[in-house]
Amino acid sequence: MKIIVTGGGTGGHIYPALALINYLQTVESDLKVLYIGTEKGLESKIVPEAGIDFQSIDIQGFRRSLSLSNFNTIRKFFKSTSQAKKIIQNFKPDVVLGTGGYVAGPVLYAASKLNIPTVIHEQNSIPGITNKFLGKRVSKITLAFEEAQHYFPKEKTSYVGNPRSQELVMMTKSNLLVSQFGLSADKKTVLIFGGSRGAMTINDAVLETLPVFKNTDYQVIYASGNIYYDENQSIFEKYNQEKNIVIRPFLNNMLEILRNSDLIISRAGATTLAEITAIGLPAVLIPSPNVTADHQTKNAQALVNHGAAMMISDSEFDGKSLLSSISEIFADQTKYEKMSQASKEMGITDASQRLYTLIKEIIQ
């Protein structure tokens, strides 16, 4: 199989793509993969580090308000479509898959014009602009949330889950937290992070609670994002000396750390929710207010409705609510177990396999 994969801008678009590629490498002995992204996106660093061939095109996203830069975006779209067409014609893929982000637009559009089978994977409950644009043009549409169904043509839409979840569920618990961070094997572990770039609200709450965290009967791992780590480096380095606090700007092995954690405090990105429901991890979710159509709130509400998570709005989240939410969940073992079970009931653990089956169907 020869496949072109595209998607970028955030880890939420990139990591599901990489998870699918990892799965394809186990089932396709003659697999050839090319990843198309942008030079400025996270994918330009993450994808080559994963050992996957990478090429870039020049494209930018639309501004949602009226802006002269949108005329330049339109110009770049046609230019990048031409670039993508040349790459596709040279690589000669059996299928082209897009996981979202504005880079996927010209790549999937070019592939559809060349009559090459195309698939998009929408991770959120409310699709982004790019996938809405591509919905009528691609061969198949796959979803991580059933709620996104009514945004696309029903006859070519399938609910498959998020490939990242299958990758995580295949891992087993280990002594990673002890060997990598020197933490205790006997304490509950809270993982806190605000996405690939971090989040100011979450960072402010953690700064407020660090003096308390050093004396709690649970331990904390916090991924701050590079910007917030640099801004608060002296404070973070001080608390990194505490026996039950670990602070890093970024966690390269996030899946392994998730697998060995007991509670997660995070934004409500679709990939994160797919990961935690795959293993039944209770969560406290702080949806980002700076996303399309407030889709993170809708993502989080699905877990809250099922009893798998607590949700705190960005405007109400602070050190006090952070500490009280952790205490509320850990203080009641019955509540913790019910949240864990509810989370696991929502998880799909064979998403990559489902997506692979659909891909095989459209290229045969």
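In this predicted model, E328 and K335 pair through a salt bridge, with 3.6 Å between the closest N and O atoms; a salt bridge here is a side-chain nitrogen of Lys or Arg within 4 Å of a carboxyl oxygen of Asp or Glu. E328 is partly exposed at a relative accessible area of 41%, and K335 is likewise partly exposed, at 26%. For these classes, buried means under 20% relative accessible area, exposed means over 50%, and partly exposed lies in between (1.4 Å probe, protein chains only). The areas themselves come from the Shrake-Rupley method with a 1.4 Å probe, and for residues only the protein chains shown count as cover.

Residues are numbered from 1 along each chain as its sequence is written, and side-chain values use heavy atoms, with hydrogens and water left out. As the model is predicted, local features need pLDDT of at least 70 and side-chain atom pairs count only at pLDDT 80 or more, whereas totals for chains, interfaces and linings use all residues.

The structure holds six salt bridges in all. Side chains of opposite charge can pair when their charged atoms come close. One of these bridges links D350 to R354, at 2.9 Å from N to O. D350 is partly exposed, with a relative accessible area of 26%, and R354 is also partly exposed, at 32%. Another joins K45 to E49, whose closest N and O atoms are 3.2 Å apart. K45 and E49 are separated by about one helical turn because they are four residues apart in helix α2 (residues 43-49). Both partners are exposed. Helices (H or I, at least four residues) and strands (E, at least two) are DSSP runs numbered from the N terminus.

Positive charge also gathers on the surface, in a patch made up of K85, K113, K136 and R137. Such patches consist of residues with over 30% relative accessible area and no salt bridge, like charges being joined within 9 Å and nonpolar side chains (Val, Leu, Ile, Met, Phe, Trp, Tyr) within 5 Å. Lys and Arg count as positive and Asp and Glu as negative, while His and the chain ends are not counted; the place of a charge is taken as NZ of Lys, CZ of Arg, CG of Asp or CD of Glu.

Turning to buried positions, N203 sits in helix α8 (residues 200-213) and has a relative accessibility of 2%, so it counts as buried. Beyond its neighbours within four places in sequence, N203 contacts Y222, S224, Y228, N232 and F236, a contact being heavy atoms within 4.5 Å. Residues up to four places away in sequence aside, T272 touches F193, I264, S266 and R267.

Most residues other than glycine have a negative phi, and most peptide bonds are trans. K92, although not a glycine, has a positive phi of about 55°; K92 lies in the loop between α3 and β4 (95-98) and is exposed, with a relative accessible area of 58%. D294, again not a glycine, has a positive phi of about 50°. The loop between β12 (283-285) and α13 (295-306) holds D294, which is partly exposed at 32% relative accessibility.
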